[in-house]
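The following exercises ask the reader to work through the architecture of one protein model, step by step. Please consult the sequence and the structure while reading each solution.

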Amino acid sequence: MKEDRPKSANIRKKPKKQLMIFSGRSHPGLAQEIAALIGTELVPTSAYNFANGEIYVRYEESVRGSDAFVIQSHAAPLNEAIMEHLIMIDALKRASAKRITVVMPFYGYARQDKKHRGREPISARLMADLFHTAGADRLIAVDLHTDQIQGFFDGPVDHLMAQPVLSDYVSAKYGHEDLAVVSPDAGRIKVAEQWSKRLGGAPLAFIHKTRDINQPNQAVANRVVGLVKGRVCVLVDDMIDTGGTITKAADALMADGAKDVIIAATHAILSAPATQRLRDCAAREVIVTNTLPIAPELEFDGLTVLSIAPLISAAIKEVFEDGSVTSLFGGRA
């Protein structure tokens with residue numbers, strides 16, 4: 001007769017989940033807001049640069065077995081922010097975190113998602129490989145430049161959309177106007193269509209433009225395709241870098257008879273001379289989110305910054321609780 005094993009030989013432990021949130025140094029304000037909305041605090045972290053620029057990171061409490069969410073927006077200096085992000089992930093992996101989720105409100109190098117000419121890199125893919133190698137199990141990002149970047153990472157990617165945050169604000173403030181939704185180029189018509197649905201079926205238009213592949217941040221707005229005369233045009237894009245494309249589009253819309261122009265974009269990179277261009281262009285208001293930090297000297301009258309923290313905190317909760325991030329967007333994400 002087979003004897004029962006003694007109880008001491010059967011080790012059973014009820015699974016215990018521990019959410020921990022970590023922040024790099026590029027945008028601590030956003031990370032603190034996210035942590036507060038979740039009902040926790042950021043894990044105390046020591047981070048500094050050696051004299052030669054090398055980055056050092058150490059967590060001040062145990063992270064063993066934790067469900068770790070590492071927040072770092074890839075703000076300027078971008079390469080330093082990315083390297084710090086990678087080092088933070090490596091530290092977590094070596095300290096036995098159970099699962100590491102990388103939260104990047106702005107994904108660096110996202111515009112380099114394909115080859116335009118021979119002998120060019122696909123840097124957005126390289127970024128995904130770097131984070132996977134560092135030890136990331138999952139990515140959370142906001143408004144990737146192109147959807148295909150989700151396929152670059154070998155693991156789950158939660159692609160959050162800032163459109164509900166931006167469009168709800170536009171609807172509340174300008175919903176009584178005759179609106180038109182305008183894409184700055186033909187490639188973002190799909191995004192403009194989604195905006196149109198959220199703004200009650202506002203008509204669509206786009207700017208036909210040309211771009212010199214040898215000159216980054218250089219575009220020429222040729223003409224407006226669509227009816228915008230007498231309407232308040234909501235010009236939508238994923239990012240504003242130097243502001244050349246979006247401001248030329250705004251001026252083209254006014255020249256074509258638009259009543260007014262509202263610019264709505266997710267990522268306010270605002271490289272020089274973006275602030276001056278936006279201040280001087282025809283747009284009545286420029287609406288962005290805080291996926292990237294905006295220095296006081298880059299702010300101007302007419303700039304509205306909406307917080308992305310409620311969206312990111314809700315996504316982190318869903319991931320931690322094994323829920324559905326797609327449900328945050330009505331099943332469309």
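The model is predicted, so local features need pLDDT of at least 70 and side-chain atom pairs count only at pLDDT 80 or more, while totals for chains, interfaces and linings use all residues. Residues are numbered from 1 along each chain as its sequence is written, and side-chain values use heavy atoms, with hydrogens and water left out.

**Exercise 1.** Determine the strand order of the open sheet and identify its edge strands.

Solution. Strands are DSSP E runs of at least two residues, helices are H or I runs of at least four, and both are numbered from the N terminus. Two strands pair if DSSP finds at least two bridges between them. Step one: the five strands follow the order β1-β4-β5-β6-β7, with parallel pairing. Step two: β1 (19–23) and β7 (157–160) each pair on one side only, which makes them the edge strands. Step three: within the sheet, β4 (residues 67–71) and β5 (residues 99–104) are joined in the parallel sense by five bridges. In one of these strands, β5, Thr101 is the bridge partner of Phe69.

**Exercise 2.** How do the axes of helices α2 and α3 cross, and which residues make the contact?

Solution. Axes are lines fitted to C-alpha atoms, for helices over the stretch in contact, and angles run from 0 to 180 degrees between N-to-C directions. Step one: the axes of α2 (residues 78–94) and α3 (residues 123–134) come within 8 Å and cross at roughly 25°. Step two: angles under 35 degrees count as roughly parallel, over 145 as roughly antiparallel, 65 to 115 as roughly perpendicular and the rest as oblique. The two helices, α2 and α3, are therefore roughly parallel to each other. Step three: contact means heavy atoms within 4.5 Å. From α2, the contact involves Ile82, His85, Leu86, Ile89, Asp90 and Lys93, and from α3 it involves Met127, Leu130, Phe131, Thr133 and Ala134. Step four: α2 also lies across β1, β4 and β5, running at about 165° to β5.
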